[in-house]
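Could you look over the structure below before we discuss it? My notes follow as numbered points.

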Amino acid sequence: SITSTGNLDKSFLSISFPLLPKVGIKKVHEIYNPEDGNRSVKITDAFLEGFETLPIIGKLPFLKDFAKYFPRPNWSVSWDGFETLPIINLLAQKVTLNHGYDCGYSEGWRVNTDGNTLIQSQKISYGFSPLLGFDITFFPLWEGNLRGKVEFRNKTDFNVGVSTNNITETLSDDINISASYSKSGFELPLFGITLKNDIEISFSYTRKTSSTILYDMGLDPLGNSKFKEDGEPQDGSIRTTIEPRIKYVMSAKVTLSAFWKNIAVKPQGASRIPETTTNEFGLDVNITI
């Protein structure tokens with residue numbers, strides 16, 4: 001008995017553009033026929049076709065033989081110069097806008113003893129990283145450097161249960177805000193001696209909303225479709241993290257830092273996890289000998 005297995009990973013494009021057909025789980029349902037005898041094959045075909053924005057790429061004659069392996073475009077944009085705008089030019093010396101789109105497709109397959117290729121796992125992950133982000137460098141403050149960052153990110157994963165004819169969607173939305181202030185030559189009296197060293201104060205805030213939704217692509221005992229456009233919520237939570245930190249560099253060999261981290265988790269939807277709050281305090285002393 002000889003079998004072979006393999007994996008395929010490639011960049012993908014799954015996003016709705018104006019004037020183009022919409023893609024997504026509803027499109028997969030429209031394509032998929034649960035009454036077909038070979039459902040495990042059909043759901044994998046419908047999954048790939050229903051989420052692809054430009055299926056025409058795979059239909060081009062010169063790509064016919066290897067269209068499945070042909071990568072699709074992703075992108076990343078960084079735009080400088082926002083510090084020249086009114087009001088902003090009074091606060092910051094440099095402002096950069098960032099935007100990026102990442103999408104990947106992966107599948108695992110095996111060839112059985114009859115020579116048939118069977119897809120065992122299938123996944124699409126896409127999102128904006130970030131959807132919108134700003135890197136800000138402010139004018140010098142108290143002879144030190146003040147920087148800030150704001151980012152909005154989102155990510156969506158779809159996994160196919162080939163044997164169960166279910167598709168699981170996992171979503172996450174992130175808001176990240178951070179700021180740091182650093183100054184060289186900071187004076188700190190210690191044991192009667194005034195030392196001039198470096199200090200860095202940072203603050204970060206993160207709010208992540210996540211949820212899991214199950215889409216049943218099968219039929220009920222009466223032969224009716226069990227698919228619901230909104231799916232069945234399975235799990236969800238809101239996780240908020242706040243962390244201020246102070247770092248003091250006494251020399252190239254001695255560094256002190258103190259931090260406090262607050263983590264709050266709130267359940268959402270059908271989640272059964274309890275609401276929790278965690279507080280962490282710490283003091284780090286690094287000495288190089």
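1. Basis of the note. The model is predicted, so to speak of local features a pLDDT of at least 70 is needed and side-chain atom pairs count only at pLDDT 80 or more, whereas totals for chains, interfaces and linings use all residues. Residues are numbered from 1 along each chain as its sequence is written, and side-chain values use heavy atoms, with hydrogens and water left out.

2. Overall fold. The protein has two helices and 10 strands, taking helices (H or I, at least four residues) and strands (E, at least two) as DSSP runs numbered from the N terminus. Along the sequence the pattern reads β-α-α-β-β-β-β-β-β-β-β-β. Of the contacts with a separation of 6 or more, 60% are between residues 24 or more positions apart, a contact being heavy atoms within 4.5 Å.

3. Surface and burial. The accessible surface comes to about 17900 Å², and 57% of it belongs to carbon and sulfur atoms; areas come from the Shrake-Rupley method with a 1.4 Å probe, and for residues only the protein chains shown count as cover. Of the 289 residues, 30% are buried, where buried means under 20% relative accessible area, exposed over 50% and partly exposed in between (1.4 Å probe, protein chains only).

4. Nonpolar core. The largest nonpolar core has 24 residues, of which F51, I167, Y215 and M217 touch the most other members; such a core is a set of buried Ala, Val, Leu, Ile, Met, Phe, Trp, Tyr and Cys residues joined through side-chain atoms within 4.5 Å. At least two residues each come from helix 1 (25–31), helix 2, strand 3 (92–111), strand 4 (117–138), strand 5 and strand 7 (193–216), and helix 2 gives the most, with four. Beyond four places in sequence, the residues that Y215 touches include I25, F158, I167 and F227.

5. Aromatic pairs. There are 11 aromatic pairs, counted when the centres of Phe, Tyr or Trp rings (for Trp, the six-membered ring) lie within 6.5 Å, with planes under 30 degrees apart called stacked, over 60 edge-to-face and the rest tilted. F51 and F158 form a tilted pair, 4.6 Å centre to centre with 45 degrees between the planes. Because F51 lies in helix 2 (residues 39–51) and F158 in strand 5 (residues 145–161), this pair ties together parts that are 107 residues apart in sequence.

6. Salt bridges. The structure holds eight salt bridges, each being a side-chain nitrogen of Lys or Arg within 4 Å of a carboxyl oxygen of Asp or Glu. In the bridge between E52 and R72 the closest N and O atoms are 2.5 Å apart, and both partners lie in the loop between helix 2 and strand 2 (75–80), 20 residues apart in sequence. E52 is buried at 10% relative accessible area, and R72 is buried at 6%.

7. K261 and E243 meet at 4.0 Å, N to O, and they join strand 9 (residues 254–267), which holds K261, to strand 8, which holds E243, across 18 residues. K261 is partly exposed at 23% relative accessibility, whereas E243 is buried at 15%. Salt bridges that share partners join E243, R245, K261 and D284 into one network.

8. Is F128 buried or exposed? F128, in strand 4, is buried at 17% relative accessible area, and its contacts beyond four places in sequence include I15, Y101 and F152. S172 lies in strand 6 (residues 166–190) and is buried at 14% relative accessibility; among its contacts beyond four places in sequence are R153, K208 and S210.

9. A nonpolar surface patch. L283, V285, I287 and I289 form a nonpolar patch on the surface, with about 520 Å² of accessible area together. Patches are made of residues with over 30% relative accessible area and no salt bridge, like charges being joined within 9 Å and nonpolar side chains (Val, Leu, Ile, Met, Phe, Trp, Tyr) within 5 Å. L283 lies in strand 10 (residues 276–287) and is exposed at 65% relative accessibility.
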